[in-house]
Amino acid sequence: GASPSSHLPAPTAAQLTLEQQQMYQMCLQHQEHQAALINEVRALSTSMSSLNASKMRRTSAARPQRRERTPLRKAAESPGLGDDSREMHPHLSLGSPGQVSPVDKGDNHSSWVASLGSTETVSRQMCLEISKLRVDLERARAEVLAAEESKRQAQADAKQAKDGEAAMADRLSTTQAVAQTVVAMASKEALEKEASMQSEMAELRAERDIALEAKAAAEADLARCRDTMAADLTAERSRAASLQDQVDAVKEELRISQDQLQSIMEECKCPISHSLLKDPVVATDGHSYERRAIRRWLATNALSPMTGTKLTTEVVVPNLIVA
């Protein structure tokens with residue numbers, strides 16, 4: 001018949017966990033062991049059949065000798081054996097144990113002894129054969145009982161393996177159901193996340209578009225500001241250049257004024273005391289002097305402090321222009 005391991009479906013390695021693979025291997029081993037025991041029982045049945053056939057052959061071969069031996073025993077044990085019987089079977093006239101047979105002790109006695117010896121030999125051989133057959137039969141029975149026990153154990157192991165297979169199938173179905181549930185939940189969560197991400201992406205794209213529009217507007221404003229600032233800067237530069245020219249002109253005028261003021265101040269200083277004239281007077285040499293300074297000078301000197309010429313008079317006149 002087919003191997004018992006062929007009854008188990010061959011699941012893929014991805015469908016089994018480590019424990020389920022171990023249980024599956026144990027189921028295969030139990031079924032292989034059951035197949036081996038069944039083959040052994042079949043071999044024992046074949047051996048028993050051969051032993052029974054051999055026993056039947058030996059029994060059938062021993063039956064004619066038993067039929068021959070049975071009338072001999074009855075004749076030998078019969079106390080009233082007649083003369084006709086003794087004449088037909090002279091070797092069976094044994095009488096009592098102490099009596100001597102009246103039959104001739106020649107060939108008849110020898111043939112009787114030979115027949116009796118052969119009968120006893122055959123009987124002993126048959127007894128030995130029967131004893132051997134009994135021993136073989138007991139051994140065969142013991143082997144059959146052991147085989148039946150092994151068969152029961154194998155059936156129990158097979159049942160346990162089937163239970164384990166059923167439990168493994170239940171666990172596998174439970175695992176598959178849990179895996180399907182987890183996959184469904186994961187798929188649902190992934191879809192929700194994808195929808196949320198798509199919504200967020202749409203919002204981000206809208207915000208990006210708004211930002212791009214704001215950036216474009218800002219760049220346009222910046223360009224306008226740059227143009228305005230450039231124009232203003234050009235105008236300011238022109239104005240600054242004009243102001244700089246004006247400043248330079250004012251500086252030049254101020255420098256001229258300062259030079260004029262300096263010359264005026266130099267002219268307004270007393271040549272003797274080198275201080276500003278507070279009470280200016282004009283001497284005969286035509287130069288202006290401080291009244292006190294020119295008086296001190298004329299008190300000790302008659303020459304002009306500026307020209308070195310002799311003054312015609314020591315009289316000084318107030319300088320109303322400088323004052």
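Analyst: Buried means under 20% relative accessible area, exposed over 50%, and partly exposed in between (1.4 Å probe, protein chains only). This is a predicted model: local features need pLDDT of at least 70, side-chain atom pairs count only at pLDDT 80 or more, and totals for chains, interfaces and linings use all residues. Residues are numbered from 1 along each chain as its sequence is written, and side-chain values use heavy atoms, with hydrogens and water left out.

User: What percentage of the residues in the protein is buried?

Analyst: Of the 323 residues in the protein, 17% are buried.

User: How many helices and strands does the protein have?

Analyst: Read them as DSSP runs, numbered from the N terminus: helices are H or I, at least four residues, and strands are E, at least two. The protein has four helices and three strands. Their order from the N terminus is α-α-α-β-β-α-β. Contact means heavy atoms within 4.5 Å. Take the contacts between residues at least 6 apart in sequence: 46% of them join residues at least 24 apart.

User: Which residues form the largest nonpolar core?

Analyst: In soluble globular proteins, nonpolar side chains tend to be buried together. A nonpolar core is a set of buried Ala, Val, Leu, Ile, Met, Phe, Trp, Tyr and Cys residues joined through side-chain atoms within 4.5 Å. Here the largest one has ten residues: Cys270, Leu277, Val281, Ala283, Tyr289, Ala293, Ile294, Leu298, Leu311 and Val316. Helix 4 (residues 291-300) gives the largest share, three residues. Look at Val281: beyond four places in sequence, its contacts include Tyr289, Ile294, Val316 and Pro318.

User: Is Ser304 buried or exposed?

Analyst: Ser304 is buried, at 3% relative accessible area. Ser304 sits in the loop between helix 4 and strand 3 (317-318). Not counting residues up to four places away, Ser304 touches Asp285, Tyr289, Trp297, Thr309 and Leu311.

User: Which residue has a positive phi although it is not a glycine?

Analyst: Most residues other than glycine have a negative phi. His274 has a positive phi of about 55°. Find His274 in the loop between helix 3 (107-267) and strand 1 (280-282). His274 is exposed, with a relative accessible area of 60%.

User: How many disulfides does the structure hold?

Analyst: A disulfide is counted as a pair of cysteine sulfur atoms within 2.5 Å. The structure holds zero disulfides. Cys270 is buried at 0% relative accessible area, while Cys225 is partly exposed at 42%.

User: Which residues line the largest cavity?

Analyst: On a 1 Å grid over the protein atoms alone, a cavity is a set of points where a 1.4 Å probe fits but cannot get out; lining residues have an atom within 4 Å of a point. The lining of the largest cavity is Met48, Leu51, Asn52, Lys55, Leu133, Asp136, Leu137 and Ala140.

Note on methods. 1 Å grid on protein atoms, 1.4 Å probe; cavity = no way out; pocket = protein on both sides within 12 Å on 5 of 7 lines; lining within 4 Å.
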